[in-house]
Structures are given as structure tokens and as C-alpha cells.
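Thanks for coming. I will go through one structure today, starting with charged pairs and ending with a few backbone details.

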Amino acid sequence: MDMNENKRRRSMLLYILIAIIAYLAISQALGSGLTASRVQSVTYTEFLNMVDDNKVTNVDLNTGDNTLTFTTGEGDSQKIYETTMWPTDDTLIQRLDEHGVNADANIPDTSGDLWLMLLVSYGLPILFFLGIGWWLNRRMKKAMGDDGPSMNFGGGFGGGGLGKSNAKEIKGEDTGVTFKDVAGQDEAKESLQEIVSFLKNPEKYNEIGARCPRGALLVGPPGTGKTLLAKAVAGEAGVTFFQIAGSAFVEMFVGRGAAKVRDLFKQANEKAPCIIFIDEIDAVGKRRDSSLSSNDEREQTLNQLLSEMDGFDNHKGIVVLAATNRPETLDQALLRPGRFDRRIPVELPDLAGREAILQIHASDVKMEPGIDLGIVARSTPGASGADLANIINEAALRAVRFGRKKVTQEDLLESVDVVIAGEKKKSTVLSPHEKEVVSYHETGHAIVAAMQKGSAPVSKITIVPRTSGALGFTMQVEEDEHFLTTRQEAKDKIAVLCGGRAAER
Ligand code: ADP
């Protein structure tokens, strides 16, 4: 299909090129007249002098373009000249008569030329632009589907396929991700398992008349593995995976986003069974409002998405998964049954989840024996799966930087600091006095924490400035995870926080 498109485009360009060259050639020929090279041009004064010298034998007055062709000499020595006639020279005929020059007036029939001229100077450019218009129109129609607007130059040239969805398409076997690659998130996996089983054999569901969810909404903070889960569903079921970001639908020109949605579902229909994954769907699925600032393009795109979701043949096995961090901003219509009727929370991992995620990613890098990932998991409460993957990678990078072949425990702990507090900031040089103040401050936190029974043990104190802006920090690592905070624990925490300033004083 692409090759045909290319061929057609190339031949179109060729036509345009030929038309331009023909236009230039013809107008050049007509404009300058087909002047034979043996005709010599002279000035009018020279011509008069030659008449006076009795050199001129024959004169041809050409009233059409006000030129005058004349000859000198006879036989072999005859020469042909051309000059432009003096428009107000009434004495010319008399002078020619006096010198016995044979004169002839030539009133040309220019009507044929005139028509050709008109055709070349007006007709060709018009044809040229009509050609371009027709060409653009066809491209536009093809991109929009045949019911798209018939003429719209907004898109201009360039960029393959206006209105094409540009979704990333991965074949099922090639996603390379299964549920085994997703650590924790057991509830989410369980919910998605049903979709996998439906995609694997839809007949079982169709037989009993069960309707599989058309869409599921993965809700959770960034980096918690929503994309990974969606890919894993495709990988488990062995179906094609289409991935597109919600923001990719938001276009400058009204109607183009909707065209992209249409194209996406058309593609999906051809490749069914398949998964369509729309990342950050809030970019396109925001609640519609009737305020003046409403965005026509976005609404049209959302409407198209809703109607496509209603319209596709569910028995074919197309499941739309979408991810968002802000479900509350979504249009209610998206959440109605038959659309994204299933909401799957994807939360930040707990302690066990963090350790499991670290283990998955650690298996990809070479580690020294006896590494304790548990302490890394304990020192990273609130970290997302993406943060943890990043910690392992940072540790590996650090090992390479120090010329080691394997990652050490120190690499890991250092990269925890990097991911939590940022890189060490070499450009910030503290004065001895400032260093002293920061030392007292951090030691204050640490001593208060150490003196308490309920506080987590202090695992690290540092006064190295970090790119996050911290001049130092005291790290406490909880032994285990708990979900409630008692009044005493809260008081202890406040005391630890105030300990820094108290020590400075
Ligand atoms: P989201 O789509 O929620 O923003 P991603 O799925 O893109 O997050 O996750 C980013 C990366 O973080 C993944 O490619 C993976 O390496 C890592 N990751 C996140 N969650 C997990 C998890 N539960 N198990 C393993 N790796 C994870």
C-alpha cells in the first residue's frame, strides 16, 4: 500500500514538473519570438544611416510587434537585420522612397498566437493550481475516510498520513511481557485475567451469552505499571497490542482527532482479537462542559471515541484498556456500562511489592552475591515501580562508572539516595560554618529519633548537598510496614522533625 502511494506521489510530482517546464519553454518561445540567429539586431539610428548610405535594399514593416526587418546587399552578400521601429517617425516612408528602397508592410494575423498566449499565460497556471488542489483533496479524503471534509488545506504537506492514528502496534508474541513480569498488583492481575481468558477463547463466553467488558480503566499514580499490565494482557492472550497516548488524539484542527480515533478502531477491527491501550486518557476524555471555553476538537474526538466503543463488534474480541491518574476528571459517559465499565486500581507497591519489583529488575543485571534487596525496599516507602526499576539501573550505571563488573550493596544504597534526593551537587560548596550548622541540624533529627522507642531506626545521616535542594538528610528505615499511626507515633515524628532546629539553637 505504501509503495503504491509512493509511486503515485512520484508520478504526480513528475507531471507537475513537466507542466512547469512546458510552460516556461512555450512562454519563452512566444515572448522572445523565434529569432533566427542569422538575423542581426541594430538600432533605429543605425538603420536610418544605412538607408541614407543607400545600403538597404528591402524593408519589411511588421506592424504587429512594431519591428522592422531589412536586408542589405544582394545575392550571397545579402544580410538580414532587425530593428525596433520609431513609433512616431512619419518621415520614414518618404525617406525610403527617396533612396529607392523596396518597402513592404506586413500586418500579421495574430489571432492564433493571441489564443495560444492567453492559454499559456492564464490557462496553464489555473490548471496547475487545480491539479494541486485535486491532489491535496485526494490525500485528505483518503486520510479522513470518505466522509471527511472534501477540501481542507489546513494540514498542508509533509508528515505521512493525516488523520492516521499513529498508534504503536505490537504483535502479541512480540510484547515480551506476561503477568510474571509484573510484580505485586495481584488484584489488578486477577481482574485482567478474565479479559485474557475472553481474548483466548471468546466462544466460551459467547456460548453462554456472557458479555465481556469492552473496556477497563487502569487507575493509579504514574509509574505503577499500568502500561506494563496492559502489555502483559496482550502478551498472555497472544493478541496484537495497539498503544497510543490520549494526547495524540488532541489535534489543532477540528475533526482530525476524530479521524484518528476512527482509523485506530478500523485498524483494530482488522487485527482483532486485540488490545487497544490508551495511555493518559484524561487528555481526551475530560468531562465535557457547556462553558464558553469548551474545546470543540476535544469534544468531537471524545464523541467519536464513545461511538466507536458502542459500535464495535464485541464478539470479535477487541478490548480497550485505558490508563489515568485522575479518574475524577473523566467524562461520566466514558464510565457507563459498555464502555470503561471496569475500574482497576493500580496502587503504589507495598513493602513486599517493592521487594518483588526490585527482584524482577535485579535479575536483569549482574549482582554481587549476598545483596540485600530488603533494605532497599524498606528505605523506599512511596516509591513507584518505575522508581524502583530506576534504582536498579542507577546502581548498575554506578558500578560501570567505578569500573566494576557487578553491582554492590553500596551501589544500590547510593542510587536510592540519588532517586529519592537527587544526585550529589558538586557545585554547591558549603562554607565551614554552614557545614557545621547542617551537621548539628541532621544530628538533631538523628539523636531525637534514636532516643525514642516508637521511631524507625536511623540508617544514614549525610550532609552532602543534593540536586533536589537538600543540604543533607537523615534517613530512617521502618522495619515493617504499618498502615495506622498512633497518637504517640505522630508526636514522636513531630519531635524528630523539630529536633533539627532545636540542635542548631
Ligand atoms: P505507568 O503506565 O503506570 O505510568 P509503566 O507501566 O510505564 O507505568 O511502568 C514504568 C516501568 O516501571 C515499567 O516499564 C517497569 O519497568 C517498571 N514497573 C512498574 N511497575 C512494575 C511492577 N509492578 N513490576 C515490575 N516492574 C514495574
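Is Arg95 buried, exposed or partly exposed? At 25% relative accessibility, Arg95 counts as partly exposed. The areas themselves come from the Shrake-Rupley method with a 1.4 Å probe, and for residues only the protein chains shown count as cover.

Some ground rules before I go on. This is a predicted model, in which local features need pLDDT of at least 70 and side-chain atom pairs count only at pLDDT 80 or more, while totals for chains, interfaces and linings use all residues. Residues are numbered from 1 along each chain as its sequence is written, and side-chain values use heavy atoms, with hydrogens and water left out.

Now the salt bridges. Side chains of opposite charge can pair when their charged atoms come close. The rule here asks for a side-chain nitrogen of Lys or Arg within 4 Å of a carboxyl oxygen of Asp or Glu. By this rule the model has 12 salt bridges.

One of them joins Arg95 to Asp52, at 3.6 Å from N to O. This pair links distant parts of the chain, with Arg95 in helix H3 (residues 92-98) and Asp52 in helix H2, 43 residues apart. When I say helix or strand, I mean DSSP runs numbered from the N terminus: H or I with at least four residues for helices, E with at least two for strands. Asp52 is partly exposed, at 35% relative accessibility.

A second salt bridge is between Glu194 and Arg342, at 2.7 Å from N to O. Glu194 sits in helix H5 and Arg342 in strand S11 (residues 342-345), so this pair ties together parts 148 residues apart in sequence. Glu194 is partly exposed at 35% relative accessibility, and Arg342 is partly exposed at 25%.

Glu414 belongs to helix H14 (residues 409-421) and Lys424 to the loop between H14 and H15, so the pair connects parts that are 10 residues apart in sequence. Glu414 is buried, with a relative accessible area of 13%, whereas Lys424 is partly exposed at 39%. Through shared partners, salt bridges join Glu414, Asp417, Lys424, Lys460 and Arg466 into one network.

Back to helix H5 for a moment. Which residues form a negative surface patch? They are Asp186, Glu187, Glu190 and Glu347. Asp186 is in helix H5, which covers residues 186-200. Patch members need over 30% relative accessible area and no salt bridge; like charges are joined within 9 Å, and nonpolar side chains (Val, Leu, Ile, Met, Phe, Trp, Tyr) within 5 Å. Lys and Arg count as positive and Asp and Glu as negative, with His and the chain ends not counted. Each charge is placed at NZ of Lys, CZ of Arg, CG of Asp or CD of Glu.

Next, the aromatic rings. Rings of Phe, Tyr and Trp (its six-membered ring) pair if their centres lie within 6.5 Å; planes under 30 degrees apart count as stacked, over 60 as edge-to-face, and the rest as tilted. The count comes to six aromatic pairs. Among them is the tilted pair of Tyr44 and Phe47, 5.7 Å centre to centre with 40° between the planes. Both lie in helix H2 (residues 44-52), three residues apart, about one turn of the helix. Tyr44 is buried at 8% relative accessibility, and Phe47 is buried at 0%.

Phe47 also pairs with Phe70: the ring centres are 4.7 Å apart and the planes are at 50°, so this pair is tilted. Phe47 is in helix H2 and Phe70 in strand S3 (residues 67-72), so the pair ties together parts 23 residues apart in sequence. Phe70 is buried, as is Phe47. Tyr44, Phe47, Phe70 and Tyr81 form one aromatic cluster.

Last, the backbone. Where is Asn54? Asn54 lies in the loop between H2 and strand S2 (56-62), and has a positive phi of about 60° although it is not a glycine. Glu280, also not a glycine, has a positive phi of about 45°. Glu280 is in the loop between strand S9 (274-279) and helix H9 (282-285), and is partly exposed at 49% relative accessibility.

Terms used. Buried < 20%, exposed > 50% of the residue type's maximum accessible area, 1.4 Å probe, protein only.
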